[in-house]
Amino acid sequence: VDSHSHSHNVLLHSCSVVLLDTFVSILSLNLSEPAYGADTAKMEYELVAGEHGLVIRVNRLNRKIPHFLYSQLITDHLSDFSFTPAVFEKIKEELEKTYFNMLIKSEVLAK
C-alpha cells in the first residue's frame, strides 16, 4: 500500500527539500522503536522524501496482519510529531554529511 502526500512546493526551493528530508529522517527515527514489533511480524514500511512530498509504503509478508494496523502507527506518529533539540542536531549532522557526499560525486556535479 502506497500513500503519497503531494505538495507542488517541495521542489520550488532547496530549503523545502531540506525540510522534507529532515522531517522524514526524524519521523523514521521516531518510528524505529514502536515499529520493531511490526518488523518482527514480517511487515515493512518505507518513508521517502519524494519529488512531490512524503511517500509512505507499507508491505506485509504475513497475510494475517492487516495493513491498517501499521498504517495507524505511522499516522499516529505523524499527528503527534515531536523531537528534541538533540535529535534535530544529530539529524542535521547526518544530512550535512549526506549532502556533502552527494555533491562531491562527479556524476552529480556534472548534471
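Predicted model: local features only at pLDDT ≥ 70, side-chain atom pairs only at ≥ 80, totals over all residues.
## How two helices meet

As for handedness, α1 passes α4 in a right-handed crossing.

Which residues make the contact? On the α1 side they are V17, V18, D21, T22, S25, I26 and L29, and α4 brings V87, F88, I91, L95 and Y99. Sorted by class, the residues of this contact come out as nine nonpolar, two polar and one charged.

## The largest pocket

Now for the open space. The largest pocket holds about 150 Å³. Which helices each supply at least two residues of its lining? They are α1, running over 14–32, and α4, running over 85–104.

If you want to find the pocket in the structure, look for its lining: V18, L19, T22, F23, I26, F81, F83, F88, K92, L95, E96 and Y99. By class, that lining has nine nonpolar residues, one polar residue and two charged ones.

Note on methods
Residues numbered from 1 in each chain as written. Heavy atoms only, no water. 1 Å grid on protein atoms, 1.4 Å probe; cavity = no way out; pocket = protein on both sides within 12 Å on 5 of 7 lines; lining within 4 Å. Points joined across faces, edges and corners; volume = space filled by probe spheres on them. Helix = DSSP H or I, 4+ residues; strand = E, 2+ residues; numbered from the N terminus. Nonpolar A, V, L, I, M, F, W, Y, C, P; charged D, E, K, R; others polar. Left-handed = near helix turned anticlockwise from the far one by under 90°. Contact = heavy atoms within 4.5 Å.
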